[in-house]
Structure formats: structure tokens, C-alpha cells
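This briefing goes through one protein chain by topic. Please look over the sequence and the structure before reading on.

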Amino acid sequence: MKKLILLVTMAMFIGFAGNETFAQKKENKVVCFKSNMDCADCEKTVTEYLKFEKGVKDLKVDHASNTILVEYKDGKNSDEKLAAAIEKKGYKADKITQKEYEEIVAHAQGHGHEHNHEVHKERK
């Protein structure tokens, strides 16, 4: 009987520990900004700076539409810290929704602006 109780207790402990680990798993978040970049060099400056920010998984910077999209690991960074990093380089970082971002990019593409997104994956 003691073995059965011990076995059930261990199974419950493992079950709870597994749920706790799952609950702590961090999701990726996406934040979008409207900025004030003037040229491809501005785009490159922002891209090169942000790709080394903690937790950044994916990055799209476009000077033609003046937009920045950052996908990052929740808990490793925040919308506010990413905005501060952009502003530190001398550019605006006005937070917009992903829908607004998509509309702005589509509008820029529709008006014949060059649209060059750079994509960077987190370093391993």
C-alpha cells in the first residue's frame, strides 16, 4: 500500500512539474513601429543595431515605408526596450498595430517605392 501511495504521489509531482515547465515557456511577440528613416543607410543602421538586441528572432526594417517590425522572445525583451533602442540611434519609434504596419507597407509598395526587408535570425 505504501508503494502505491508513493507511486501516485510521484506521478502527481511529475505531472505538476511538467505543467509548470510548460506554463513558463515563453512565446514570441511581435511589435511594429512607425519611424523616420530617410534612406537605405538609415535602414541599415537600425537593422544592424536591432539584430543584436536580446531575444530578437526576426526583424524587418524598411525606409521606404518607414516601418520596423520586430519579433522577439517574450521575457527576453519588451516593446518599450526595443523602442528605446531605436530612439537611442536617433530615430522615432512610434508603436503601431500589426494591421497598421501591413497597411502602411502595402501602401508604400502600391506607390512604386522600393521595398527591401531584411530578415535576421537570432544568433545561436
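A salt bridge here is a side-chain nitrogen of Lys or Arg within 4 Å of a carboxyl oxygen of Asp or Glu. By that definition the structure holds three salt bridges. The model is predicted, with an average pLDDT of 81 for the protein.

**Overall layout**

- The protein has four helices and four strands, and along the sequence they follow the pattern α-β-α-β-β-α-β-α.
- Of the 124 residues in the protein, 30% are buried.
- Among contacts between residues at least 6 apart in sequence, 70% join residues at least 24 apart.

**Strands and their pairing**

- Strand β3 covers residues 67–73, and five of its seven residues are buried.
- Strand β3 pairs with β1 (residues 28–34) in the antiparallel sense, over seven bridges.
- Within that pairing, F33 has I68 of β3 as its bridge partner, and V30 stands opposite E71 of β3.
- Strand β3 also pairs with β2 (residues 56–62), again in the antiparallel sense, over six bridges; here V56 has Y72 as its bridge partner.
- Strand β1 pairs with β4 as well, in the antiparallel sense and over three bridges.
- F33 has a bridge partner in β4 too, namely K95.
- In a regular strand the side chains alternate between the two faces of the sheet.

**The β2–β3 turn**

- Strands β2 and β3 form a hairpin with four residues between them.
- N66 is found in the loop between β2 and β3.
- The phi of N66 is near 55 degrees, which is a positive value in a residue other than glycine.
- Most residues other than glycine have a negative phi.
- N66 counts as buried, because its relative accessibility is 16% and the cut-off for buried is under 20%.

**Helix α4**

- Helix α4 runs over residues 98–110 and has 13 residues. From its first C-alpha to its last it reaches 18 Å, close to the 18 Å expected at 1.5 Å a residue.
- Which residues of α4 are buried? They are Y101, V105 and A108.
- Seen down the axis of α4, these buried residues fall within an arc of 60 degrees, so they line one face of the helix.
- The buried residues of α4 pack against β1, β2, β3 and β4 (94–96).
- The face of α4 turned away from its buried side carries the exposed residues K99 and G110.

**Salt bridges**

- Side chains of opposite charge can pair when their charged atoms come close.
- E48 and K51 meet through their side chains in a salt bridge, at 3.0 Å from N to O. Both residues are partly exposed: E48 has a relative accessible area of 33%, and K51 has one of 23%.
- D58 and K60 form another salt bridge, with their closest N and O atoms 2.9 Å apart. D58 is buried, with a relative accessible area of 10%, whereas K60 counts as partly exposed at 24% relative accessibility.
- K95 forms a salt bridge with D79, and the closest N and O atoms of this pair are 2.6 Å apart. K95 lies in strand β4 and D79 in helix α3 (residues 79–88), so the pair ties together parts that are 16 residues apart in sequence.

**Confidence of the model**

- A pLDDT of at least 70 is reached by 69% of the residues.
- Over residues 113–124 pLDDT stays under 50, and the model has 33 contacts beyond four places in sequence for that stretch.
- Where pLDDT is low, the predicted coordinates should not be read in detail.

Notes: Residues are numbered from 1 along each chain as its sequence is written. This is a predicted model: local features need pLDDT of at least 70, side-chain atom pairs count only at pLDDT 80 or more; totals for chains, interfaces and linings use all residues. Side-chain values use heavy atoms; hydrogens and water are left out. Buried means under 20% relative accessible area, exposed over 50%, partly exposed in between (1.4 Å probe, protein chains only). Helices (H or I, at least four residues) and strands (E, at least two) are DSSP runs, numbered from the N terminus. Two strands pair if DSSP finds at least two bridges between them. The expected span of a helix is 1.5 Å times one less than its number of residues. The arc is that of the directions from the helix axis to the C-beta atoms. Contact means heavy atoms within 4.5 Å. pLDDT is the predictor's confidence in each residue, from 0 to 100.
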